[in-house]
Amino acid sequence: MIVAEAVGRALAARGVEAVFGVVGSGNFHVTNALVAAGARFVAARHEGGAATMADAYARMSGRAGVLSVHQGPGLTNALTGIAEAAKSRTPLVVLAGEATDRRSNFHIDQDALVAAVGAVAMRVTSGEEAWERAEEAYRVAVEERRTVLLSLPLDVQSQPCPTAPTAGSGPATGSVSGSVPTTPGPGVTAAGSGSVARAAAGGFGPAAWSAAGGDEGDLPLPAEVDALARLLAEASRPVFIAGRGARHARRELEALADRAGALLATSAVARGLFRGSPWDLDVSGGFATPLAAELITGADLVVGWGCALNMWTTRHGSLLPAAGQVVQVDLDPAAIGVHVPVDLGVTGDTAAVATALTGLVPAAAGYRSAAVESRIRAEGRWRAVPYEDQGDGDRIDPRTLTIGLDDLLPAERVVAVDSGNFMGYPSMFLDVPDENGFCFTQAFQSVGLGLASAIGAAVARPDRLPVAALGDGGALMGAAELETVVRLGLPMVVVVYDDEAYGAEVHHFGPHGYPLDTVTFPPADLAAIARGYGFAAVTVTREADLGGVAEWLKGPRDRPLLVHAKVTRDRGSWWLEEAFKGH
């Protein structure tokens, strides 16, 4: 066994099921080794697309993602997707060949390259350590929730590897969900019930936590938990905002919210987490409904659970109650108070902390009343908010378009959204069944990741209809992956909100009288482009044109569908103005 084979087999032995990439000479053998060991290889048409597919797959499957790329340009092509994953703390292993000879055209400083975007650089330097280094890369990715580059120098890949895999060695296989590692690490319990409950019953003292399998260095301090319990007991209008680090903790958070009378909201990346609850306010932040914004601002206690409480989720702090208290619960103590001042920080796993608090907080009505419940039922979704349709027959109002699609598309869906002026429409008007129905790769705010995100999500969730929501700019940036959609046989619906411009720049600079020739474009027949790749396609300029989508849904769905929507473009979006406040 040579090094390249050992690395592939080691990762497959850890439970890797899917690998995304573009194969060149430098990653040919390691990719084939993964496939031979049982992993599925998904070939992308560009490394940037492959990186984003792997990121989205990890988010939606709860498993570590794996990306395989060529040395040098293969890695640089993937860099934007790697940056997005690193900023999002996605557990992702990047396998890349490496040309260590400085005379090679492929030589670059790969460690410095990925470190610059927040990823962890590792390397296999000999056959003796190949298996161990592969396992370590996987462990760091999963247990520390990091994006890891494992460089494979070309001259090392062919070295013999004397160490065969050992049964049961390395980190356990399994899934990653929210902030929970595959192997329950310090202060974390898989599914969060038994040992967490025992620790909670005896308090969060070192002895009780240690007996429950925890580590003293990571347990929530008794003072922190007691302080939050007091705040919840005193609050008359508490609101919980759950982020990506709480996606595994719905049951525990709902139990605590029921006890304390809290209303429930999420950041955009955790959208759908509380779907079905009568107290679900949906998303907090730029995408919040007027009712959600009113009720969150009116709270006297806001608790962020595994949520950064950044400018998007809090509208630059304006959604947080001026006279109330703010608490942040996070597994990473360095994340607490980074974006907004907090009155209390609690370090710990969200499920564990919520479980402990449920036994400490007295039952109270809190923010919950028949009147609030009735308002949430009547006003709690964007489609209930009245608007004046701006469609003129040549272009469709994007709100009308999205509501029409929401009515037509099956409820069991996974929606991936690109970045741009259009992005709020699908994020607000397309409903999702749960937290695994919304894939939001926006940590780097890069245009062009939406289609690849939808592909990765579709591979992770083959039981759901994948829906990609793109602007025309992002659609054309990622157009090469339309072939990937067709080749994989994905029954995907790709919706392009076409305003023939980079709309964000048009609406940001246009009102000030700046010339816009650099950010506006002539019409492109995106439906024809899609048909060239093998898609079915419809062009939508008015609501009646959505009949073409209904017909496709009735059929065999043996080809993906692209909906080329020519949308109105006279007005910018309110969430866009929020975004530019942060520039």
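## Close-up views of a predicted model

View 1. G456 counts as buried because its relative accessibility is 0%, where buried means under 20% relative accessible area, exposed over 50% and partly exposed in between, computed with a 1.4 Å probe on protein chains only. This is a predicted model, in which local features need pLDDT of at least 70 and side-chain atom pairs count only at pLDDT 80 or more, whereas totals for chains, interfaces and linings use all residues. Residues are numbered from 1 along each chain as its sequence is written, and side-chain values use heavy atoms, with hydrogens and water left out. G456 is found in helix α19; helices (H or I, at least four residues) and strands (E, at least two) are DSSP runs numbered from the N terminus. Not counting residues up to four places away in sequence, G456 touches F20, M53, A56 and Y57, contact meaning heavy atoms within 4.5 Å. Although G456 and F20 are 436 residues apart along the chain, their C-alpha atoms are separated by 8.6 Å.

**View 2. F20 and the largest nonpolar core.** The largest nonpolar core has 55 residues, and F20, L67, L451, M492 and V494 are those with the most contacts inside it; such a core is a set of buried Ala, Val, Leu, Ile, Met, Phe, Trp, Tyr and Cys residues joined through side-chain atoms within 4.5 Å. Helix α19 (residues 450-460) gives the most to this core, with eight residues. Beyond its neighbours within four places in sequence, F20 is in contact with residues including F41, V42, M53, Y57, L67, G456 and V459.

**View 3. The crossing of helices α1 and α2.** The axes of helix α1 (residues 3-13) and helix α2 (residues 28-36) come within 7 Å and cross at roughly 35°, the axes being lines fitted to C-alpha atoms over the stretch in contact, with angles running from 0 to 180 degrees between N-to-C directions. The contact is made by A4, E5, V7, G8, L11 and A12 of α1 together with H29, V30, A33 and L34 of α2. These residues divide into seven nonpolar, two polar and one charged, where Ala, Val, Leu, Ile, Met, Phe, Trp, Tyr, Cys and Pro count as nonpolar, Asp, Glu, Lys and Arg as charged, and the others, Gly among them, as polar.

View 4. V372, found in helix α16 (residues 370-379), counts as buried because its relative accessibility is 13%. Leaving aside neighbours within four places in sequence, V372 is in contact with L263, W279, L295 and Y367. V372 and L263 are 109 residues apart in sequence and 9.5 Å apart in space, C-alpha to C-alpha. In helix α13 (residues 290-297) the buried residues are L291, A292, A293, L295 and I296, and what covers them includes β7 (238-242), β8 (263-266), β9 (280-283), β10 (301-305) and α16.

**View 5. E98 in strand β4.** E98 is found in strand β4 (residues 92-98) and is buried, with a relative accessible area of 6%. Not counting residues up to four places away in sequence, E98 touches Q71, Q110, R123, S151, L152, P153 and L154.

**View 6. Confidence along the chain.** The chain averages a pLDDT of 89, and 88% of the residues score at least 70, pLDDT being the predictor's confidence in each residue, from 0 to 100. Over residues 177-217 the pLDDT is below 50, and beyond near neighbours in sequence this stretch has 77 contacts in the model.
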